[in-house]
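Work through the exercises below with the sequence and the 3D view at hand. Each task is followed by a solution in steps.

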Amino acid sequence: MLLIDDYASVAESIALAVRLSGHRIDTAATPEEALSRLAAARYDVVLLDMNYAAGRTDGAEGLALLARILSDDPAAAVVVITAHSGVRIAVEAMRAGARDFIMKPWRNADLLARIATAARARTPVAAVPQPMAAEPARLLGDSAAMAALRDLIRRIGPTRAGVVVTGPAGSGRALTAAALHAASADAGAAMPVIDLRDDAAWGRLVDTSTIILRHPDRLGEVAQARLLAHVPATTRCIAIADSANGILPALARRIATVEIAVPPLAARGDDALLLARHFLRMAAALHGRPVPTLTPAAEARILRGPWPDEVRGLAAAIERAVLLGDGGAIDTALLAPETAAMVAADAPARFDLDENERAVIEAALREHRHNVSHAAAALGLSRGALYRRMARHGL
């Protein structure tokens, strides 16, 4: 199960009781960390505290997180945790879809009984392996662009409409397709994935509830007509394409009634930093390393972009930095070694400076207490190159 609570003493007490009862439990201290964990694993029960910011008692943060959890997984078994004065909040949470609530202070026997009841009531997850992805189909990000994407998935997912998911490669098109399927009535059924560039894969065009078609826009006119003739009439199609314009009208009417465009990372604002912290936790867990932190200069670099291969490229850069680092803070030299090497060589023709360079330099100088040698090393620059850039920006 997953416990979401920002009070360390409360989290430790609940976690100890749960572990002594023979169950496994993960903890998250913030909504961001909770969503990160939910994106990486499936939980039978989620224990959710209702307030996180200092001085907050209205439960708004918990209700917002509850709505997000249930939006991504309507079958999630959520038990909310409130103080005795929070009965109104508990009732509101139950109306919003929570399975149960527990009051502080609690009796361990009562807590464990409520957890067990919530777990039994959860809709069983299908035992059939999902060909699309092993992890839950949760789209992380708090930007307006991602909120709009999730809203569109909620509206279109439950229908039988054919959907074409477009956007830059690496931006999350496959995860969006999986989220559409997860929002449908056929979420428990297997979802074959067919790469239409592979002739051998066409034999898997069989009558099934939902099918993923990759790259229909790269087929010629004859091949698209052949695809239209072979897609079973009762099968819902979710296509992944670089552009909907490459799909001929006859085929589009069948497999691309609605286009859902996944926003590029550059259009997602601060989501890049949220995603980077998520990838840090995942990479550290995968490789058995402590979760490192990001220096201010590294955070500025992440927000500055661009990242080749979009979100997938950012994930690869973070994992590489975790492997190459010493378990402490990750700086720009670990995060983007190729860029650092280009800058160290002082090759302006190959390095595209942007308006955020001043902010990155200032962050590095603050971090290293204005020790120019240390800041230059962190940025992958020579002292002379850093001095020249400082002079150009009036620093």
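## Exercise 1: Strand 6 and its partners

Strand 6 and strand 9 run parallel and are joined by three bridges. The model is a predicted one.

Task: Find which residues stand opposite V163 and V165, and state whether the residues of strand 6 are buried or exposed.

Solution. 
1. Start with strand 9: the residue there that stands opposite V163 is I238.
2. Turn to strand 10. Strand 6 (residues 163-166) pairs with strand 10 through four bridges, in the parallel sense.
3. In strand 10, I260 stands opposite V165, and A261 is the bridge partner of T166.
4. Check the two faces of strand 6. V163 and V165 lie on one side, V164 and T166 on the other, and all of them are buried.

## Exercise 2: R268

Task: Locate R268 and decide whether R268 is buried or exposed.

Solution. 
1. R268 is in the loop between strand 10 (258-261) and helix 10 (271-287).
2. Its relative accessibility is 4%; buried means under 20%, so R268 counts as buried.
3. A polar atom of the R268 side chain lies 2.7 Å from the backbone oxygen of L140.
4. Beyond neighbours within four places in sequence, R268 is in contact with residues including L140, G141, S171, L275 and V311.

## Exercise 3: Two helices

Task: Classify the packing of helix 10 and helix 12 by angle.

Solution. 
1. The axes of helix 10 and helix 12 (residues 310-324) are 9 Å apart, at an angle of about 45 degrees.
2. Helix 10 is therefore oblique to helix 12.
3. The crossing of helix 10 and helix 12 is right-handed.
4. Residues making the contact include L275 and F279 of helix 10 and V311 and L314 of helix 12.

Conventions: Residues are numbered from 1 along each chain as its sequence is written. This is a predicted model: local features need pLDDT of at least 70, side-chain atom pairs count only at pLDDT 80 or more; totals for chains, interfaces and linings use all residues. Side-chain values use heavy atoms; hydrogens and water are left out. Buried means under 20% relative accessible area, exposed over 50%, partly exposed in between (1.4 Å probe, protein chains only). A polar contact is a pair of N or O atoms within 3.5 Å; within protein, one must be able to donate a hydrogen and the other to accept it, and residues adjacent in sequence count only if both atoms are side-chain atoms. Contact means heavy atoms within 4.5 Å. Two strands pair if DSSP finds at least two bridges between them. Axes are lines fitted to C-alpha atoms, for helices over the stretch in contact, and angles run from 0 to 180 degrees between N-to-C directions. Angles under 35 degrees count as roughly parallel, over 145 as roughly antiparallel, 65 to 115 as roughly perpendicular and the rest as oblique. A crossing is left-handed if the near helix is turned anticlockwise from the far one by less than a right angle, and right-handed if clockwise.
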